[in-house]
Amino acid sequence: MQVNKEIKVGIADMKITRQEGTLITYALGSCIGISFYDPGIKLASLLHIMLPESKNPTEPQVYKFADTGIRETLRRMSVFGGVKSRYICKIAGGAKMFEVQGNSSLANIGQRNIESVRNILRKEQIRLVRQEVGENYARTMLVDAATGKVAIRTFGRQEIVM
Amino acid sequence: MEIKHYDDMGDIGMDVMREVGSIGTGNAATAVSGLLNTDVRITLPDVKILGFNEAANYLGEPEEVVAAVLVQMSGDLKGIMLFLLKLDFINAVTETILGFKIEDYSQMDEMAMSAVTEVGNIIISSYVSALAGLSGMEINLSVPAVSINMLGGILSVPMIEFGYETDKIMMITGNFILGQHKLESSLLMLPDIESLNKLLKKLVNAGE
């Protein structure tokens, strides 16, 4: 097996790669990792958002929010020759890390993130083919640009490939 | 002095927070000493203002597993208290209270979890009560919640909580020293910006 180049995606960050390399984002808690893959040209992107939607129209940190983050990722993908109708989308994260009482933002932000991402994808008419979301544990997400396969690493559970 | 970002705190603000931290952690150390029946001290607290990605690296590796006890603050001061501890500290707790040690996190049973939660809760409440006494603020605490998972995922909780107002988080941290051993643990106080303003105002004015 050849050595694969790893490209790290931080929190509120997005990276794109083509043909080869692995995009990786660590320990998604209530945040969501969103991967888009165009199998026609092997174009892969991985976005790590923190919150459901931007409240500021001139928000400079576009990748922090699901709405502005997905929009900017799709724009960048098309610049690299991606064709939206071919995109395959997989998401992971949106966990509830702490079982806190009441209906505070802290208690349900993971779920709100999941719903926001699903809504935006529906509006953009992008196929959401696999999702590893919710529950109460963090997930590391890896996207292989050669195949579009996504691996999910967690603590104390077997790795999932989707 | 009214601040909009954690970065605007300046040297005086940072000094005040460090002072608050050392009184709070001193109180917490005394409480744990009683509980664990041994001499517990805490290092002088550090005040750090870090970006999201830096914060996880400052405290360890994002995928590293830790135990965390979280309490929400409300009332005059809003924010999150987070106590992070690793195996050595967990064992100090389970050995004293329950009489056994564990080898890895998967061996944490319900008893061990509740012992850790209780110790975290005592540390956090004694810290906050010192802070409340010092500032004359009324601070309410939520029921403690516990999680054993990747550090990065745990830290995403306060980051998201303050995500609409800041791209950075402010942490006031201290490490526990039990007898001669420095234990891998830290106590984090994460106030929101509005509360930080209130706190600084109270403390700086009180000193005049």
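## Terms and model

A residue counts as buried when its relative accessible area is under 20%, as exposed when it is over 50%, and as partly exposed in between (1.4 Å probe, protein chains only). By that rule A:Cys89, at 0% relative accessibility, is buried.

This is a predicted model, in which local features need pLDDT of at least 70 and side-chain atom pairs count only at pLDDT 80 or more, while totals for chains, interfaces and linings use all residues. Residues are numbered from 1 along each chain as its sequence is written, chains are lettered from A and ligands numbered from 1 in the order in which they are written, and side-chain values use heavy atoms, with hydrogens and water left out.

## The interface of chains A and B

Contact (heavy atoms within 4.5 Å) links 33 residues of chain A with 30 residues of chain B. The buried area, meaning the accessible area (1.4 Å probe) that two parts lose on being put together, summed over both, is about 2,600 Å² between these chains, and carbon and sulfur atoms give 67% of it. On the chain A side, A:Phe98, A:Leu106 and A:Phe155 lose the most area to chain B, together 28% of what that side buries.

A salt bridge is a side-chain nitrogen of Lys or Arg within 4 Å of a carboxyl oxygen of Asp or Glu. Two salt bridges cross the interface of chain A and chain B. The side chains of A:Arg153 and B:Glu63 form a salt bridge, at 2.9 Å from N to O.

## Elements on the chain A side

Helices (H or I, at least four residues) and strands (E, at least two) are DSSP runs, numbered from the N terminus. The elements of chain A that give two or more residues to the side touching chain B are β3 (22-28) and α2 (105-124). Of the elements, α2(A) gives the most, with four residues.

## Cysteines

What is the count of disulfides over all chains? The count is zero, where a disulfide is a pair of cysteine sulfur atoms within 2.5 Å. The sulfur of A:Cys31 is too far for a bond, because the closest cysteine sulfur, in A:Cys89, is 16 Å away. A:Cys31 is buried, at 2% relative accessibility.

## A residue in chain B

B:Thr117 lies in helix α4 (residues 110-135) of chain B. At 12% relative accessibility, B:Thr117 is buried. Leaving out residues up to four places away in sequence, B:Thr117 touches B:Val69, B:Pro144 and B:Val146.
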